[in-house]
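Please follow the chains of this assembly in turn, looking at how they are divided, where they meet and what their interfaces are made of.

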Amino acid sequence: MKLIDLKNSFNKNFQLGNFIPQFLLLFCFVLLIFYFTKNAQVNLLARNITSGFDFLKTNSGFDVQFSLIAYDGSYSFGRAYLVGLLNTLLVSFFGIIFATILGFVIGISRLSENLLLSKLSQFYVELFRNLPLILQIFFWYFVVLRNLPSTEKSLILLDFLIINVQGFYFPKFIFSNFEFIIYGVAFSILTIFMLIYYSNKLFYNSGKRLPVFKLSIFLLILFPVILSFLGNVGLKFEQAKLIQNFGIFNYVGGVKLVPEFLALLFALSLYTSTFIAENVRAGILSISKGQKEAAKSLGFNNSLSLKLIVIPQALRVIIPPTTNQYLNLVKNSSFAAGIGYPDLTSVFAGTSLSQTGKAIEIIFIVMMTYLSISLFISLILNWYNKKIAFISK
Amino acid sequence: MNKQKVIELLKVNKWYDDFHVLKDIDLSVYQGEKIIVCGPSGSGKSTLIRCINRLEEHQEGLVKVHDHVLDHKTKNIEKIRGDVGMVFQQFNLFPHLSIIDNCTLSPSWVRKMAKKDAEELAMQYLTKVKIADQALKFPGQLSGGQQQRAAIARALCMEPKIMLFDEPTSALDPEMIKEVLDVMTDLAKAGMTMIVVSHEMAFAKEVADRVIFMDEGRIVEEKPTQEFFSNPENERTKLFLSQIL
Amino acid sequence: MNIKHTFYWCKKNLFSNWYNSIISIFCIYLIIITIPPFVDWVFLSATFEGKLKTDCKTSGACWVFVRVWFEKFMYGFYPVENIWRINLSFLILILTIGTSFFVREKFKLYILFFLIFIFPIIAYILIRGSFGMEIVESREWGGLALTFILAIFGILVSFPLGVLLALGRRSELPVFKYFSICFIEFWRGIPLITVLFAAAVMFPLLLPADFFVDKTLRIAIGIAIFESAYIAEVVRGGLQSLPKGQYDAARSLGMGYWKMNFFIILPQAIKTVIPGIANTFIALLKDTPLIVLVGMAEILGMINLAKANPYWLGMAVEGYVFAAAIFWVASFFLSSYSQKLEKKFSTEKK
């Protein structure tokens with residue numbers, strides 16, 4: 001910005017007509033902050049609640065039914081925060097994956113020439129998009145998952161997955177000498193890069209194409225397997241076992257996914273997938289007919305024209321609003337409080353708040369956490385947008 | 001002169017739902033011929049040439065290109081399309097690829113040419129259309145005239161034996177029309193079989209062997225160029241010519 | 001002749017090749033295992049008549065549950081004899097919106113003014129009570145009525161606030177601009193639940209002990225401010241899409257900032273983004289039931305209460321299906337209406 005522009009805008013701001021409203025706004029805002037702070041101090045004193053963030057170090061005194069890290073009542077509130085945060089990230093991560101896969105499948109189905117398929121997917125989208133998410137979560141939790149078979153009559157799929165009213169059970173994978181698998185994967189990634197480089201060179205020089213994708217998958221499996229044999233990597237499965245205690249059946253061991261987690265995951269994935277499906281459909285439709293005609297006229301068949309022309313352009317239109325949906329999914333994971341899934345909101349803004357009464361600090365921390373996640377995702381989106389923008393004059 | 005018949009349309013009829021857009025079209029095109037198709041909008045000119053590379057499907061009649069019959073039973077329609085190049089009114093360059101990538105995409109993926117060779121070929125044609133210096137730029141960075149010339153080069157890279165042009169200069173600013181027409185004239189002089197839908201009558205007079213006038217889905221008049229302009233028979237043709245000349 | 005035609009159509013569209021056929025068979029399978037059982041449960045085998053749980057003898061839905069609890073679902077614990085007041089308020093609202101279809105442009109502005117400034121007062125007087133009507137405190141408001149009251153309040157308040165924020169964001173004056181940006185990004189970055197918790201639990205701490213603000217009002221304000229940030233972004237999109245020439249023309253006619261915006265810029269910008277605004281409102285309607293998590297007895301809260309009642313145990317499905325039907329219909333009609341509006345405005349433009 002030139003100096004003269006800076007000077008002009010500075011002068012403009014200090015013109016009376018412009019200066020007074022701005023000053024007023026600032027003044028009122030600052031006044032409001034002071035007002036709130038003063039009241040808060042008075043009120044907290046009256047209730048004998050100290051302020052400050054020291055409470056984070058004190059013992060929480062409450063347990064949580066689902067946590068990725070070791071935790072119980074003897075750990076601190078700070079640790080409770082971490083548990084909540086990890087649970088939020090966990091359900092968000094898997095929710096995003098499922099929603100994306102479902103969304104793309106449904107979105108492409110909407111464009112299918114098969115009328116049955118396209119109408120069915122349209123029905124799916126209209127149904128799940130128009131129902132409140134909280135209602136869907138309640139429905140999954142109170143209706144679907146409650147009606148799963150009881151523990152002693154569990155549904156066992158492929159000797160691998162145990163389904164009953166208490167949750168889903170997977171066998172726990174216990175590795176020994178796991179590092180060798182890591183080495184194997186690292187080595188595979190290295191060879192895959194080499195493969196890509198070599199195959200590009202080959203294509204440039206002779207026009208032959210190698211099946212890079214299939215070869216990569218092969219390599220990704222090959223080297224970890226070889227190295228796990230060499231390094232004597234051991235794998236034990238610890239499947240959940242049915243135990244009877246005073247007439248009550250329980251599965252113990254293995255990995256347990258509680259119904260709270262499952263209900264939230266299913267509802268979030270289904271709900272968000274409808275929006276992603278619409279984005280995918282809009283993205284693919286946005287590619288003008290002319291592009292597809294040009295591809296056809298150059299002799300491309302349907303799958304090549306999709307791969308080289310339609311999808312690269314469609315992704316540019318699909319990804320920004322889809323990233324927005326990911327953001328919504330993370331924020332919507334806070335609905336967990338409705339069914340007792342211990343995510344950040346219910347553990348911290350819910351239980352911890354009622355235990356300590358430190359509403360201001362806790363709400364502040366929770367809001368800042370979500371805000372940071374939002375800003376982080378927005379930053380990535382902006383970076384991506386700049387990178388893939390069509391280069392123009 | 002026993003030239004090979006490269007395109008044949010016999011009693012071709014097409015409907016869009018109930019709208020009869022092509023009515024009993026009979027047309028034969030011989031190798032090396034340059035044909036201009038003109039007529040008022042909605043007369044079916046674009047639909048006609050789109051039927052030749054099967055971007056549109058006709059319901060009745062025979063369409064034959066290089067002795068291949070085009071109908072719903074045709075296999076390898078892509079291969080046949082590779083021999084017929086098309087240039088569109090809206091250019092339809094692929095915005096996410098550079099100009100040279102636009103040109104090499106099809107030869108390398110469809111004809112499985114080595115990318116190296118495809119690039120050489122592309123530079124050849126880009127030079128012919130006089131935009132070799134824009135090869136690494138992206139379509140959004142080029143003017144309309146440059147984009148259309150790039151589109152012509154892209155079609156030529158498939159080394160087609162027939163070139164179809166669907167109102168190639170209608171979307172261009174006046175000062176850029178000439179550069180595109182010059183390229184098309186060079187192409188014509190080099191012996192390419194061309195069917196051009198256009199209103200550029202000066203170009204028609206200079207380049208075309210035959211001019212076809214279409215109205216309301218029918219070929220109303222079809223004559224060698226000189227005769228068409230000096231001695232139109234049909235009333236509608238005369239009306240049309242009086243409006244545009 | 002007709003059967004042959006459909007058969008031929010099926011063959012061409014659904015079973016044209018093996019791949020298509022598998023998809024079609026899969027779809028037909030899905031339809032068969034879901035729709036008939038559902039229709040049967042909801043309508044055919046369901047019980048509609050009766051007053052007691054024991055009246056539900058069939059395997060179908062026990063709609064007796066919904067009929068018995070209907071008033072509670074709709075109005076919460078609002079005194080039954082005063083329900084007419086809520087109905088009257090909604091009637092006024094519907095009539096007002098209805099008349100807006102039949103009047104000219106000029107009057108539409110008056111109607112908007114009425115809706116935003118006068119109607120809330122009328123509704124408040126009616127629903128809460130005064131001038132001799134029995135007073136019903138807001139904590140007794142509940143059911144679907146509460147959901148709609150909060151959603152409509154949210155819409156009416158967030159709209160003007162959102163427009164102001166959008167204008168502020170595009171302002172050249174730094175204080176307004178950065179204040180708007182921070183405000184919008186803040187409220188869009190946090191989940192609605194934290195806003196509700198803050199309104200319910202934290203906000204009282206920020207006010208003097210003797211200044212009591214009704215919980216329902218706090219929540220309503222929280223929702224409205226929250227949505228205004230989203231409206232702001234939608235309106236901003238509309239403002240950006242206007243050609244600069246509009247601003248130039250208005251200014252060259254001597255219009256000042258507020259006149260220009262009020263008469264020229266905003267009407268056009270808002271028309272452009274009606275679908276976006278409609279979507280935000282529909283989202284608001286779907287978000288409002290969230291208040292059940294801060295202990296407000298709206299429809300989902302009432303259903304949870306009802307299904308926990310020992311006598312009516314096991315009726316969760318009927319309750320949720322009922323609520324789902326209501327929300328789905330409301331949401332679907334709102335989006336159809338917004339699509340109609342969008343078509344109307346886009347043809348007007350040409």
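The C-alpha centres of domain 1 and domain 3 of chain A are separated by 60 Å. These belong to a division of chain A into domain 1 (2-46), domain 2 (77-114 + 254-388) and domain 3 (179-234), with bounds that come from an automatic or database domain assignment.

The model is a predicted one, in which local features need pLDDT of at least 70 and side-chain atom pairs count only at pLDDT 80 or more, while totals for chains, interfaces and linings use all residues. Residues are numbered from 1 along each chain as its sequence is written, chains are lettered from A and ligands numbered from 1 in the order in which they are written, and side-chain values use heavy atoms, with hydrogens and water left out.

Two pairs of chains are in contact, and of these chains A and C share the most contacts, a contact being heavy atoms within 4.5 Å. Chain B and chain C, by contrast, do not touch, and their nearest C-alpha atoms are 13 Å apart.

Chain C is built from 14 helices and zero strands, where helices (H or I, at least four residues) and strands (E, at least two) are DSSP runs numbered from the N terminus. Its C-alpha atoms fill a box of roughly 70 × 65 × 40 Å along the principal axes, and 45% of the 350 residues of chain C count as buried, that is, under 20% relative accessible area with a 1.4 Å probe, protein chains only. Among the contacts in chain C with a separation of 6 or more, 67% come from residues 24 or more positions apart.

Where chain C meets chain A, the contact draws on 57 residues from chain C and 53 residues from chain A. The area buried between them is about 4900 Å², with carbon and sulfur atoms giving 76% of it; buried area here is the accessible area (1.4 Å probe) that two parts lose on being put together, summed over both. On the side of chain C, C:Leu205, C:Lys286 and C:Tyr320 lose the most area to chain A, together 14% of what that side buries. Helix 1 (2-13), helix 2 (18-44), helix 7 (174-189), helix 8 (192-202), helix 13 (299-308) and helix 14 (316-349) of chain C each give two or more residues to the side that touches chain A, and helix 14 of chain C provides the largest share, eleven residues.

The contact between chain B and chain A takes 33 residues from chain B and 28 residues from chain A. Together the two chains bury about 2800 Å², 64% of it on carbon and sulfur atoms, and in chain B the residues losing the most area to chain A are B:Phe94, B:His96 and B:Trp109, together 25% of what that side buries. One salt bridge is found across this interface: A:Glu293 pairs with B:Arg50, with the closest N and O atoms 2.2 Å apart. The elements giving two or more residues to the side of chain B that touches chain A are helix 2 (77-82), strand 6 (84-87), helix 3 (99-109), helix 4 (115-128) and helix 5 (144-156) of chain B, and helix 3 of chain B gives the largest share, four residues.

Technical notes: Salt bridge = Lys/Arg side-chain N within 4 Å of Asp/Glu carboxyl O. Buried < 20%, exposed > 50% of the residue type's maximum accessible area, 1.4 Å probe, protein only.
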